[in-house]
Amino acid sequence: MDIKANLHQVIKSFVNPNCQLVAVSKTKPTTALQAAYAAGIRDFGENKVQEIQAKQPEMPSDTHWHMIGHLQSNKIKYIAPFIHLIHGVDSFKLLIEIDKQGKKINRSIPVLLQIHIATEESKFGFDREELEGMLCSPEFEKLTHVQVQGLMGMATFTDNQNQIRTEFQGLKQLFDELKSRSLPSFLSMKELSMGMSGDYQIAQEEGSTMVRIGSSIFGARNYPTS
Ligand SMILES: *Cc1c(COP(=O)(O)O)cnc(C)c1O
């Protein structure tokens with residue numbers, strides 16, 4: 001496994017060279033992260049709090065940690081002081097909990113709202129109705145220690161490229177729509193996190209600003225992770 005060569009391959013194939021790469025290192029040993037770091041990568045995506053906690057002390061302090069998995073409320077406190085971006089905020093309740101933890105340590109925590117765009121029920125995320133409900137809620141305006149920087153979504157796991165494209169287009173449309181609205185100052189639409197190893201080129205064609213790529217860099221994961 002030549003991580004450096006894989007990285008070059010991936011970056012060379014970017015449709016948008018300005019798109020931020022988050023190297024998804026879940027299940028991989030810290031030595032793999034160190035190889036990617038040596039090749040210039042600073043942004044790493046993990047989906048388990050415990051794994052971030054284990055790897056963080058072994059990585060240089062300028063490593064950016066991205067939480068890309070489903071986050072449980074009782075674990076927020078472990079990553080709140082340093083997490084660079086929480087991609088998978090999929091409920092108002094979770095956002096309120098993150099705000100609460102941010103308040104405790106006086107840090108405004110950067111997050112993305114995960115939107116459900118796939119046809120699979122198993123994937124997490126807000127649907128449109130839940131999102132509107134939250135945005136219109138008086139409780140929402142009272143948040144003080146979160147920075148909502150954009151949206152995240154995962155397309156359906158399918159070979160049907162048209163379906164994937166349509167799902168990404170829907171997410172981009174929502175992103176643009178929110179961008180044009182007047183919203184509280186802690187909410188901005190800067191980042192659109194969409195695209196993984198199988199679909200990052202389509203995602204970039206449809207306006208992604210951030211792709212989360214694992215297996216194309218680090219190789220296949222040999223055990224299920226969520
Ligand atoms: C695992 C994971 C990825 C990376 O998947 P690959 O197909 O290995 O690139 C991206 N996003 C999320 C949310 C993930 O859980």
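**Contacts, burial and overall form**

Modeller: Leaving aside neighbours within four places in sequence, L131 is in contact with L113, I115, F126, L174 and L178; contact means heavy atoms within 4.5 Å.

Biologist: What kind of model is this, and how are residues numbered?

Modeller: It is a predicted model, with residues numbered from 1 along each chain as its sequence is written. Local features need pLDDT of at least 70 and side-chain atom pairs pLDDT 80 or more, while totals for chains, interfaces and linings use all residues; side-chain values use heavy atoms, without hydrogens and water.

Biologist: How far is L131 from A38?

Modeller: The two are 93 residues apart in sequence, and their C-alpha atoms lie 40 Å apart in space.

Biologist: Turning to S193, what does it touch?

Modeller: S193 lies in strand β7, residues 187–194, and is buried at 0% relative accessibility. Not counting residues up to four places away in sequence, S193 touches H87, L112, L151, M152, G153, M210 and R212.

Biologist: And S25, where is that?

Modeller: S25 sits in the loop between β1 (20–24) and α2 (30–38). S25 counts as buried because its relative accessibility is 0%. Beyond its neighbours within four places in sequence, S25 has contacts that include L33, F44, E51 and F218.

Biologist: What about the phi of T27?

Modeller: T27 has a positive phi of about 70° although it is not a glycine. Most residues other than glycine have a negative phi. T27 is in the loop between β1 and α2 and is buried, with a relative accessible area of 15%.

Biologist: Which residue follows α5?

Modeller: N106 follows α5, with a positive phi near 55°. N106 lies in the loop between α5 and β5 and counts as exposed at 65% relative accessibility.

Biologist: How long is α5, and what do its buried residues pack against?

Modeller: Helix α5 (residues 92–105) has 14 residues and reaches 20 Å from first C-alpha to last, close to the expected 20 Å at 1.5 Å a residue, counted over one less than the number of residues. Its buried residues include F92, L95 and I98. They pack against several elements, among them β4 (85–89), β5 (109–115) and α6 (128–136).

Biologist: What of the whole protein: how many helices and strands?

Modeller: The protein has ten helices and eight strands. Its radius of gyration is 17 Å, close to the 17 Å that the globule rule gives for 226 residues, so it is as compact as a globular protein of that length. The radius is taken over C-alpha atoms, and the rule is 2.2 Å times the number of residues to the power 0.38. Along its principal axes the C-alpha trace spans about 50 × 40 × 30 Å.

Biologist: How much of it is buried?

Modeller: Buried residues make up 50% of the 226 residues. Among contacts between residues at least 6 apart in sequence, 62% join residues at least 24 apart.

How values were computed. Helices (H or I, at least four residues) and strands (E, at least two) are DSSP runs, numbered from the N terminus. Buried means under 20% relative accessible area, exposed over 50%, partly exposed in between (1.4 Å probe, protein chains only).
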